[in-house]
Amino acid sequence: MQANLLVFDVGSTYTKLTAFCLTQGELNFVARSQAPTTIADIEIGIVSARKSLEQSGVEVAGGASIYSTSSAAGGLRMVALGYMPRVTAKAAKEVAMSAGARVLEIVSHEDLPEYRLQVLREIQPDIVLLAGGTDGGDQQSLLDNAHIIVQANIKAVIIIAGNKEAQGQAARIFDEHAVPYIRVPNVMPTIHELKVKPAREAIHEQFIKQITLAKGLHKLVDIVSNKKVMPTPGAVLLGAELLAQGTFEQEGIGDLIVVDIGGATTDIHSVLPDLEKLAIEEKGLIVNNEKQPSYRTVEGNLGLRVSATGIVETVGPLGVLAKIGSTGQQETDQLVAYTEYLEKNPGHISQSPLEKQFDLALAVCAIEVALKRHAGYIAQDYNPVMGIMPGTPVGRDLRRVKYVIAVGGIFTHGTFAEKQFILSEAFKNPGISLLPDKPQFIMDEQYLLYALGALGTQYGDGCAAFGREYFKINLKGNGNETN
């Protein structure tokens, strides 16, 4: 077997390597391998994963193209400064989505200047998102916050992403004090519109620069063909977008959800291409809806290893055990002890039948909670201020989504019955949530969605065609329910 296209994913626990053969624009999967990530020197895991691939019989062609994603850096620390709290929070959340940034604090013009200054000095962020004011609207808040940033004397890169009329003056303030900054279009030019892609790309560039500081990762940047290392969540979302939207040559499959569960987080991505066609007035106020074509939520306290205790704290031990039909006190104590052990030993692989049952129950709960937080809901009460009546759909409506793609180690290594159980139970009781009625579950058994995202900008047509075949999706609506 020969491969001429390699895609690494350097995670905090494992470094994965996926090998493809690209021939005349047609993409074919060859094999995958993995090795433990050595945080002290990430190059060790990279070399080990490639060695494991070659030992399995794969011949890597000379001059093979190499691409990579990474989540090992843990994400850049970001603080958002803006004008109105809800608007700033919304913009910061969407900008940080998949860009390799973690929003640690959001402050607005309602917060005292002394408090804003304290936040910057205590957090010492890598990135500051300086938002505020729609185009033609408020300018003073952005300029006031620019002065506060200068006063804080932090070593952050400032993303100026507010009112375009105030950006030039803010830039001059930073130039006078040698504060590094990047100007991008306003993240919220109108109250109906989010324009986050330029700010997200700016943060992505900073992510790449930051991770090269980790031992060994600068060597990875040197060997990848495009000299870029993409944040892994961003690659997963790009893969989902490519599959849903298609390309000029390849038809997309339409609305889909990606459930990505790992040891630390549970991520939900949804891509609804038809929302791109909505007029501005149909979208409503940005702070009140989730009508972006692509949307991602991250539950940082819901994971199967380092965040396993977060699942128990969220739904309660009895809520977890109910998923596997157990309610005894002995099992409750064992579950709590097991999750505490996992938090301290995230590399642990379940051994006994009881541990495997616990893993299944934890996965169901994490996904169910994450889905309901991601999706909208049917209003139960009157809200005259917002113009909402009982029975009104509020938020992101996923009821018409047909395909659910499951990503994560438990879906790679679990049995067919286990994977079906996890997903069917997680979607079983939507309640008032706007979740799909009868979704078709598709497993990313080889963990390839991230690779399609990493390769998509370069080989879009080939990746879109391969993705449809790999996930066995028929555009006429006869897709297989499992892979």
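I worked from a predicted model, where local features need pLDDT of at least 70, side-chain atom pairs count only at pLDDT 80 or more, and totals for chains, interfaces and linings use all residues. Residues are numbered from 1 along each chain as its sequence is written, and side-chain values use heavy atoms, with hydrogens and water left out.

**Helix 13 and helix 15.** I looked up helix 13 (residues 353–374) against helix 15 (residues 416–426): their axes come within 8 Å and cross at roughly 35 degrees. Helices here are DSSP runs (H or I, at least four residues), numbered from the N terminus. Axes are lines fitted to C-alpha atoms over the stretch in contact, with angles from 0 to 180 degrees between N-to-C directions. On the helix 13 side I found Leu360, Ala363, Val364, Ile367, Glu368 and Leu371, which meet Glu418, Phe421, Ile422, Glu425 and Ala426 in helix 15; contact means heavy atoms within 4.5 Å.

**Helix 12 and helix 13.** Next I checked helix 12 (residues 329–344), whose axis comes within 11 Å of that of helix 13 and crosses at roughly 80 degrees. That makes the two roughly perpendicular (65 to 115 degrees). Glu331, Gln334, Leu335, Tyr338, Thr339 and Leu342 in helix 12 meet residues of helix 13, including Phe358 and Leu362.

**Helix 2.** I tested the length of helix 2 (residues 85–96): its 12 residues should span 16 Å at 1.5 Å a residue, and the end C-alpha atoms are 16 Å apart, which agrees. The expected span is 1.5 Å times one less than the number of residues. Among the buried residues (under 20% relative accessible area, 1.4 Å probe, protein chains only) I noted Thr88, Lys90 and Val95 in helix 2.

Notes: Parallel < 35°, antiparallel > 145°, perpendicular 65-115°, else oblique. Buried < 20%, exposed > 50% of the residue type's maximum accessible area, 1.4 Å probe, protein only.
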